[in-house]
Amino acid sequence: MSEPLTSVAAPRTVIVGASSGVGRALARRLAAAGHDLVIAGRDRSELEVTARDIVFRHRRRCEVLCVDIADPAWDAEAFVGACLDRLAGRVDHLFIPAGGARADDRGPNPAVVAEITALNFVGPGRLGAGFARAMESAGGGSIMFFSSIAAAAPRGENSVYSAAKAALDVYAAGLRHALDGRGVRVISVTLGYVDTPQSFGMQLALPVSSPEAIAERLLKLSLGPAGSYHLPRFWWLVTTTLRALPRPVYRRLFRGRHSS
Amino acid sequence: MNARTMAQTFRSFDGTERATGRAARPERRSDLAAAVGSDASFIARGAGLSYCAASMGDGVLSVDMTRLNRVLAFDPVTGEITVEPGLSVGVLTELLAERGRWLPPLPGYPSISVGGCVAFDTHGKSQLHSGTFGDWVIRLTLLHPAHGELECSRSEHADLFGLTVGGMGLTGLITSVTLKTEPLPGSALEIEVVPVSSLYEAPACMSEAAPGVACLYSWHDLTRPGRELGPGIVFLERFVTARPASRRRPLLDVATRAPLGLWSRLFTTLALYGYRATQSPGRRRVLPLMQALFPIYGLEIYYFAFGRRGLREYQVIVPHERWRQFLDDLRPLLVSARIPITLASLKLFSGSAHHLRFNGTGVCLALDVPAVPAARALFGALDELAHRHGARINLSKDSRVEQETCRRLFPGYDTFTSELRAFDPARRCRSRLRERLGV
């Protein structure tokens, strides 16, 4: 394969959840923009294939770390240290597209609460906090959390997932406030429908974005100010409307419908 | 693993065949075994640009391979590259060009997948010099639920390798392909335009020019076959070092079709006359690599204009010694059919035929027509002509040939069928094309 180019000036970026979908597209787009990468996730062999592809296509450094952020025994501090080791002591950007809904998150099901929360809130929260400290002491950086339109539309299906994403939104807002003026920008992105394994095969009433188009927008957002954003933007109107709907109307509208 | 599948109605690229099955779209290599792990019949699907219903079947699971599109290995010394089957030949060409290499047997559209090129042993505009896609495959990995993952090459599982190259996807899911490449001789292609008076004259003109060119093909006007049989142009393409600006961008997806077909006889006559008028004899122009190697790229409107009724293409390799006689017999058929021939093109082939692959030595003629009822009758007559002259047709471009005709046209039909059935007796790999051909 091609030898990766190295540059002191290259942005250094960690993506957690890069095995497929938005995370994989983001890894490719960032490498194309000249970022050196650590890509992390649960599926080591898949990540290694993606890393080889990125090194070949873009001639950037792309290291793989295997991590399960939903595992209660996972050591977030050690993971931050491992990323810093692989990126020569500095991380400029952290993206956390890891997460996902589950088919058994349906109605009152106590068995799934801890696991879904760990994957979609606790794990990303620990990651964000850990990297925030490292970035603060290094003088700056950006942290991007990924929320979902499900956070604005809780219902019987995906109720734990919706709650975890809503919690992550609130946590991101708190972290953003805490780090205001310290060079670390905390960005929360609510993604609409994206053409990923999670949405494949679903009958969706609104347009679906390609992972590549979303990755392009995420790259731009990561360079901008801290804040909470919707991608594509029209989803702001959708989530705002959903939140404003009277409960009886909302219940009637979404009876039996899936959430994203 | 994402095991989600969805019901889907598929349509062949030529618009004349449909099938209703299910679709899955694995994103990870580990998803593949699970995707074909149930008892359902399956078939791999790439870009979905086969003219026939090769990647679909009623009740069949079409496994969309387009998300498995990564480069797995590259050896800068030998130029060997290993890729996932969903990688498009356009992206592959760009990646190789950045490293000063290329793969000559490129099909006409850049979004066609590497897996699809293997499945139909596709050819490009340089077949005479560089053979077909299969000639450039060093090895491939194949996944079949009854056999697991098998590595095949000319020395390992050689029969299976031979069955898979040009095997229409019927031996399982291709999970990786290792290709040889060769140094890219230039950064652009200079195209020289040489007028020819007819289809009779073109092969000799092409043979004479062949030694000095990288790509070689012709275009002919068959709107008045009674008066003149295909006055046209031979295109000679040579590599040059230049940086021409990119001139064409696709305005629409190549599979998009207009609500109504526009290719009437009058429209075809006017369009082809206009096209000929732009091609001055002796004219030379330099095109960017991607535009020259993929001539349809940016001209998707040609397919759009066929409308929802679709088109039919007939592609046939006629032995050199039968070419003139073949044309003598072809002419009255074209005159009596009174169908607009929207495209007539020649290439020269040199190779050996095997199984059901489109290969051999001779003149390759392609004809496009709107999918009107008379087209089927014309193509049926062309089948008889092909049989009479020992010609071979391209099954990837055909949506009508059935078992008996296929057996008559392909001496390797029975061998291919028996080997395929021996490998996959439960017929786990199925498609509408397989059902139609009875293999």
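Asn158(A) counts as buried because it has 23 C-beta neighbours inside 10 Å; a residue is buried if 20 or more other C-beta atoms lie within 10 Å of its own, exposed if 12 or fewer, and partly exposed in between, with C-beta atoms placed from the backbone. The model is predicted: local features need pLDDT of at least 70, side-chain atom pairs count only at pLDDT 80 or more, and totals for chains, interfaces and linings use all residues. Residues are numbered from 1 along each chain as its sequence is written, while chains are lettered from A and ligands numbered from 1 in the order in which they are written. Helices (H or I, at least four residues) and strands (E, at least two) are DSSP runs, numbered from the N terminus.

**Backbone exceptions in chain A**

- Most residues other than glycine have a negative phi, and most peptide bonds are trans.
- Asn158(A) is not a glycine, yet its phi is positive, about 65°. Asn158(A) sits in the loop between β5 (141-148) and α5 (159-178) of chain A.
- Ala88(A), also not a glycine, has a positive phi of about 55°. The loop between α3 (76-86) and β4 (93-96) of chain A holds Ala88(A).
- Ala88(A) counts as partly exposed because it has 13 C-beta neighbours inside 10 Å.
- The peptide bond between Leu231(A) and Pro232(A) is cis, with omega about -20°. Pro232(A) lies in the loop between β7 (227-231) and α7 (234-244) of chain A.

**Helix packing in chain A**

- Two packed helices are described by the angle between their axes and the distance between the axes. Axes are lines fitted to C-alpha atoms, for helices over the stretch in contact, and angles run from 0 to 180 degrees between N-to-C directions.
- α3(A) packs against helix α4 (residues 110-138) of chain A at an angle of about 50°, and their axes are 9 Å apart. That makes α3(A) oblique to α4(A); angles under 35 degrees count as roughly parallel, over 145 as roughly antiparallel, 65 to 115 as roughly perpendicular and the rest as oblique.
- The crossing of α3(A) and α4(A) is right-handed. A crossing is left-handed if the near helix is turned anticlockwise from the far one by less than a right angle, and right-handed if clockwise.
- In α3(A), the residues Ala76(A), Glu77(A), Val80(A) and Leu84(A) meet Arg126(A), Leu127(A), Gly130(A), Phe131(A) and Ala134(A) of α4(A). Two residues are in contact if their C-beta atoms, placed from the backbone, lie within 7 Å.
- By class, the contact of α3(A) with α4(A) has 6 nonpolar, 1 polar and 2 charged residues. Ala, Val, Leu, Ile, Met, Phe, Trp, Tyr, Cys and Pro count as nonpolar, Asp, Glu, Lys and Arg as charged, and the others, Gly among them, as polar.
- Helix α1 (residues 21-32) and helix α6 (residues 211-222) of chain A pack at about 55°, with axes 8 Å apart. α1(A) and α6(A) are therefore oblique to each other, and their crossing is right-handed.
- Residues of α1(A) in this contact include Val22(A), Ala25(A) and Leu26(A), and those of α6(A) include Ile214(A), Ala215(A) and Leu218(A). The contact of α1(A) with α6(A) has 9 nonpolar, 1 polar and 3 charged residues.

**The sheet in chain B**

- Strands of a sheet pair through backbone hydrogen bonds, either parallel or antiparallel. Two strands pair if DSSP finds at least two bridges between them.
- In chain B, 8 strands form an open sheet with antiparallel pairing, in the order β15-β12-β14-β13-β17-β18-β16-β19. Its edge strands are β15 (284-288) and β19 of chain B, each pairing on one side only.
- Strand β16 (residues 311-318) of chain B is mostly covered, with 8 of its 8 residues buried.
- β16(B) runs antiparallel to strand β18 (residues 362-370) of chain B, and 8 bridges join them. Val316(B) stands opposite Leu365(B) in β18(B).
- β16(B) also pairs in the antiparallel sense with strand β19 (residues 392-393) of chain B, over 2 bridges. There, Val316(B) has Ile393(B) as its bridge partner.

**Contact between the chains**

- 16 residues of chain B are in contact with 16 residues of chain A.
- On the chain B side, β5(B) gives the most, with 4 residues. The residues of that side divide into 7 nonpolar, 3 polar and 6 charged.
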